[in-house]
Amino acid sequence: MSAAAVRGVSALLGGLLVAAAAVVSSSPAAAATTDAATTAPDAPVTWSVTPSAADGPDGRRVVEVELDPGQRVTQHLAVKNFSEREATFALTAADGYYTDTGRFTMLPADRASADAGTWIAVQPTVTLAPNETRIVAFDIVVPENATPGDHAAGVAASVRSSSPGADGTRVGVDSRVGFRVSTRVTGDLAPALTVDGLRADYTPSWNLFAPGTMTYDYTVRNSGNTALALTDTVDAIASDRGTLLPGESRAVRSEARPAWPLGLLFVEVAVSAGVPDSSLVVAPATQTLVVWAVPWLHLLAILGLVLIGLAASTGRRRSRRRVDDLIARAREEGRRETVEAS
């Protein structure tokens, strides 16, 4: 068997897989449920599943391997039953993906896998005594025609539980926890990303002395064959946008940022990406956005001040004319009285 290197721990990209409701997590990979059909409600089943070496858990949260097409490698997982009763866990593998919020998960049981989830072979169940830990081997077999690049899957241990429904019937729920298995198939790695619909919006403030806000949004798609760790940079401020697997896309909307209404705002947005656990990077997609930020409130305030000034000036002129008329009338009456007296 050729090189099958287990790649390093990736705490940011690993994590708990939860594919159903009613899962209570007591550790990064532990869950609890109650099977009402076989036990009392006060006897929950609590368990964890983690990557492992053949002789026990090794501290990893993610299994990462690099394999040639047609190559097979054996890995291990550790299932621990924290419960005070015996429990049987179903072991499954499925294709993995990242949600819109950047969380890694795996396909639900009612959806068929088509990629790396089908490359993993694991025994269907394991039965554990109270507080027992069992090491279970599983194989990763890469097909001969597998395409180069990154392929993600998840391995999980699950327990089926039931709870009463609104109509009195019992509803079955599969609760599962697991970890990510990332397989990089050797060959030409071609990371690439596509950015569409990049735009920015300005929202004015109703406070004359406070800036408005600006947000930007776009859709990014991983058009290459490797996983991509995304970042965008606006006005030298960088934001982490999570990870995308090949073929995945994500709508990104930024948090509101302060912006003064200066008429026209020029904003440069750069979306870039790197390949995890690699020196490969993708040339950033950069675009300068032109945003109208008209200071309507300030213009209205200035117009109001001008109108008030004009009204005051007009009032002063009218008052002056009135006073001048009164003075002229008084002088005319005085002149008439003088003429009559003479």
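I call a residue buried under 20% relative accessible area, exposed over 50%, and partly exposed in between (1.4 Å probe, protein chains only). I am working on a predicted model, where local features need pLDDT of at least 70, side-chain atom pairs count only at pLDDT 80 or more, and totals for chains, interfaces and linings use all residues. Residues are numbered from 1 along each chain as its sequence is written, and side-chain values use heavy atoms, with hydrogens and water left out.

**Entry: the chain**

I looked up the secondary structure. I then checked burial. Of the 342 residues in the chain, 38% are buried. For the accessible surface I noted about 18,300 Å², with 57% of that area belonging to carbon and sulfur atoms. These areas come from the Shrake-Rupley method with a 1.4 Å probe; for residues, only the protein chains shown count as cover. Next came contacts, meaning heavy atoms within 4.5 Å. Among those between residues at least 6 apart in sequence, 70% join residues at least 24 apart.

**Entry: Ser83**

Is Ser83 buried or exposed? I find Ser83 buried, because its relative accessible area is 2%. Ser83 sits in the loop between strand E6 (72-81) and strand E7 (87-98). I listed its polar contacts, which are pairs of N or O atoms within 3.5 Å; within protein, one must be able to donate a hydrogen and the other to accept it, and residues adjacent in sequence count only if both atoms are side-chain atoms. The Ser83 side chain reaches the backbone nitrogen of Thr46 at 2.7 Å. It also makes a polar contact with the side chain of Asn81, at 2.9 Å. Leaving out residues up to four places away in sequence, I noted that Ser83 touches Pro44, Val45, Thr46, Pro130 and Asn131.

**Entry: strand E15**

I moved to E15, residues 212-222. Eight of its eleven residues are buried, so I logged the strand as mostly covered. Which strands pair with E15? Two strands pair if DSSP finds at least two bridges between them. E14 (residues 193-203) pairs with E15 in the antiparallel sense over nine bridges. There, Asp201 has Thr215 of E15 as its bridge partner. E18 (residues 249-253) runs antiparallel to E15, joined by five bridges. Ala251 in E18 is the bridge partner of Thr219. E19 (residues 257-259) also pairs with E15 in the antiparallel sense, over three bridges. Met214 stands opposite Arg257 in E19.

Methods:
Helix = DSSP H or I, 4+ residues; strand = E, 2+ residues; numbered from the N terminus.
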